[in-house]
Amino acid sequence: QKTSTSSIGSASPLPNASLTTPMRSKRTQYKDIVVVGGGLAGLSAALYTTQMAPERQVTIVERETHEESTEKTTVASFAAAGMLAPQSERLPMGPLLDLCLASRRLYTDFVDLVETLAQDEEGKAYLSKTLGTDESEPWSVGYVAAGGFFAPAFAGDSVATWAPPEEAGTATWLDATQARELEPNLHPNVVGGWWFPEDASVDARRLTCSLRAACVAAGVQFLNGPGYEVTSLDLIDKTCKGLRLKNGKYIATKSCLIANGAWMRQLLPVPIESHKGQSFSLRMPPDQPPILRRVLFAQDSYIVPKADGRIVVGATVEAGSFDSNVTPAGLIHCMSHALQLVPGLADLPMEESWVGLRPTTPDKGPIIGKTPWENMFLAGGYWRNGVLLAPKTGQLLASLLGGLDLSEEDQALLDAFAWDRFTKLGGGGELAANARYAASMHPIHKRTTGVGVS
């Protein structure tokens, strides 16, 4: 009897007892709101949720550590040039332009919120470790709104033959002489261009770092590292019960936001593919006057001078590619178009080159908002506008995650970029037409099967 009693006290549960509950409890973490993805889409939604629904607790899971993402990554948030340029992008009138303009209007307040919170001691480890010649504070996001953008035009190209919609904001056509008064180092063949004084820019790397620091200060929890890659979603009875991780653990959640960029298709059947973009940067010698005073956004390339002395040049558009390698063909593409705009760039020292993977939908619009699962939301497909869209989409998604009321205007934006526009009955014809129109307005400059301008 003593032996039997001792055995019972230490024995495993009887065969007819539930084995799943005790085993799963050791592997399961219970969270309130989980955001999958630590890029700008997920970070901005997380930060706004802490401000708009402070009773909720937000956790971000990200497969890269902060150090990995700042040293070598293909995440679009770190690779972006940081342009806040709905007008320079030559977007047509419609919901995407409306969304971009609404987000640009929010940017000064967004920057103030991020930089204020990022100064907190708790998030200090996430701040940018590199300081440029401007000697800016580590929490500064490099927001520049002086001078606007200039879109140089060559005879017969898409800039010269296009007129910006009046509703988009102030835009002024400058002739060749006026253009060179604005930017003396332009190529002699530039026939003029559009000046957009309201377009602005940030340093995307600094913004992402400061936004992470701000999230930490606001109480957001980060779970980073390869083991925290989400491998599948537990979708049952129109609800996302939780997420399965690569390390074998399970996160049960009340609400979740999927914002993992170009990799969203690995978790859900969304029409998002990667568009590889190769870019490089030059360094303006500190003892020389700046070669450019403002951003140039031409038909086939952009040149973005930064406050720290860098000049970012980009970018290829390689549809369907997850390749992380910088190639000679990609650099030649960027260099040749940049030198056609500003020949003097040829004498500046190169600093670095990199690849970013843009999450892109067929109609170039984002997917934001609700899904067929009532507690799961999406934030993806931001394409070339991820930095620009961070404030407005962050607010919209925070409203959904917090169960807050939406204005008619905000609801209209969510309706325009809902996932179901790709799945509704009989919607294939409309989708094909929108995709063709988007391709004509925003051509792919470099294809994976050959090089050419569409």
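Q: Which residue is joined to D234 by a polar contact between side chains?
A: This is a predicted model, in which local features need pLDDT of at least 70 and side-chain atom pairs count only at pLDDT 80 or more, while totals for chains, interfaces and linings use all residues. Residues are numbered from 1 along each chain as its sequence is written, and side-chain values use heavy atoms, with hydrogens and water left out. A polar contact is a pair of N or O atoms within 3.5 Å; within protein, one must be able to donate a hydrogen and the other to accept it, and residues adjacent in sequence count only if both atoms are side-chain atoms. At 2.5 Å, such a contact joins the side chain of D234 to that of Y250.

Q: How are the rings of Y107 and Y143 arranged?
A: Rings of Phe, Tyr and Trp (its six-membered ring) pair if their centres lie within 6.5 Å; planes under 30 degrees apart count as stacked, over 60 as edge-to-face and the rest as tilted. A search of the whole structure finds ten aromatic pairs. In the pair of Y107 and Y143 the centres are 6.3 Å apart and the planes stand at 5°, so the pair is stacked.

Q: How many residues apart in sequence are the parts that Y107 and Y143 tie together?
A: Y107 belongs to helix α6 (residues 95-118), whereas Y143 belongs to the loop between α6 and β4 (149-153). Y107 is buried at 0% relative accessible area, and Y143 is partly exposed at 28%. The pair therefore ties together parts whose separation in residues is 36.

Q: Which residues do ring pairs link into a cluster with Y107 and Y143?
A: The stacked pair of Y107 and Y143 belongs to a cluster linked by ring pairs.

Q: Which residue lies over the face of W354?
A: A charge sits over a ring if NZ of Lys or CZ of Arg is within 6 Å of the ring centre and within 35 degrees of the ring normal. For W383, K364 lies over the face at 5.9 Å from the ring centre. For W354, the residue over the face, at 4.8 Å from the ring centre, is R205.

Terms used: Helix = DSSP H or I, 4+ residues; strand = E, 2+ residues; numbered from the N terminus. Buried < 20%, exposed > 50% of the residue type's maximum accessible area, 1.4 Å probe, protein only.
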